[in-house]
Amino acid sequence: MDIKVLFHVDECEKWELVLANCRNLLKAAGENRPEIEVVANSEAVKGMVQSSDADADLMQQLAGAGVGFIACNNALTGLGIQKEQLLPFVRVVPAGVLELALRQSEGFAYIKP
Amino acid sequence: MDIKVLFHVDECEKWELVLANCRNLLKAAGENRPEIEVVANSEAVKGMVQSSDADADLMQQLAGAGVGFIACNNALTGLGIQKEQLLPFVRVVPAGVLELALRQSEGFAYIKP
Amino acid sequence: MDIKVLFHVDECEKWELVLANCRNLLKAAGENRPEIEVVANSEAVKGMVQSSDADADLMQQLAGAGVGFIACNNALTGLGIQKEQLLPFVRVVPAGVLELALRQSEGFAYIKP
């Protein structure tokens, strides 16, 4: 069983739910270490800023468990956020939507909490 | 034509739309009996409780037409809902997100109304 | 690289985000001309009416770049909208959910902004 999941978040208020979903998926998958990516675009990239209200500790813990955190550069630019302001484990891609498309073509399931 | 669809619902207020979408899909698919699963997690599992405001009659009718109704056990536990309180045709899975991932890997399309 | 993307919109307030996502995807994909379809159902079909508040100029421009705009006939009927009222490049399908299912089975990635 090869579990690959893409969580899409584009609203700040959804971060708590997204992170809970991630944690639940990791627990449920158990030995079948799933590949998980959280792709944030639009205003949701704010949740990846170091000083944000989102639960950076839980993100850090999930990143340590192998979850990828991806921020959309179009969104960062639009909001005037510098890469240096992001949590250190966040990876920046030119366009979140392209990442969402490419990963699905690689067999990732899409979940939008 | 082999139609397999996963409806994801995680907000109580979306039940009406989800059920209307299900009904429309069944009508439109006609002879090509589609495989449909409605996966509820987070607060949306409340809509599967017998006394909920959601349209239990329509759910019952859709279940009779073969639509699967799936509740996430993480959500039930978090909300203190017992399996006995759920509509009788609802199936409980340990984690809704894992169900969403596995079904997509089996070729189900994902729709989030 | 064969990029095929389905944007799903069922809330009027999401049109701006959906169109921005489309534009970003076109830019990011560059030479790899992606196949893009925007499927509107429920109240979101109102955004495809000629007199709507949605950005018809941007839609027109995207349509000119090959983006398909699809309206759900169930939604049009429910809202009393005639096909003649829609922007000229919009294509009407009997059921938006069936379109979403069929396109995914053809390899389109699903994105719900």
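**Getting to know a predicted model**

Me: Which rotation superposes chain B on chain A?
Reply: Happy to start here: in this predicted model, chain B falls on chain A with an RMSD of 0.0 Å and 0.0 Å of shift along the axis, superposed by least squares on C-alpha atoms of residues with pLDDT of at least 70 in both. That is the relation of a three-fold axis. The rotation is 120°.

Me: How are residues and chains labelled, and which atoms count?
Reply: Residues are numbered from 1 along each chain as its sequence is written, and chains are lettered from A in the order in which they are written. Local features need pLDDT of at least 70 and side-chain atom pairs 80 or more, while totals for chains, interfaces and linings use all residues; side-chain values use heavy atoms.

Me: Which residue forms a salt bridge with B:E37?
Reply: A salt bridge is a side-chain nitrogen of Lys or Arg within 4 Å of a carboxyl oxygen of Asp or Glu, and here the N to O distance is 2.9 Å. B:E37 lies in strand β2 (strands are DSSP runs of E, at least two residues), so the pair ties together parts 66 residues apart in sequence. Both residues are buried, and the partner is B:R103.

Note on methods: Helix = DSSP H or I, 4+ residues; strand = E, 2+ residues; numbered from the N terminus. Buried < 20%, exposed > 50% of the residue type's maximum accessible area, 1.4 Å probe, protein only.
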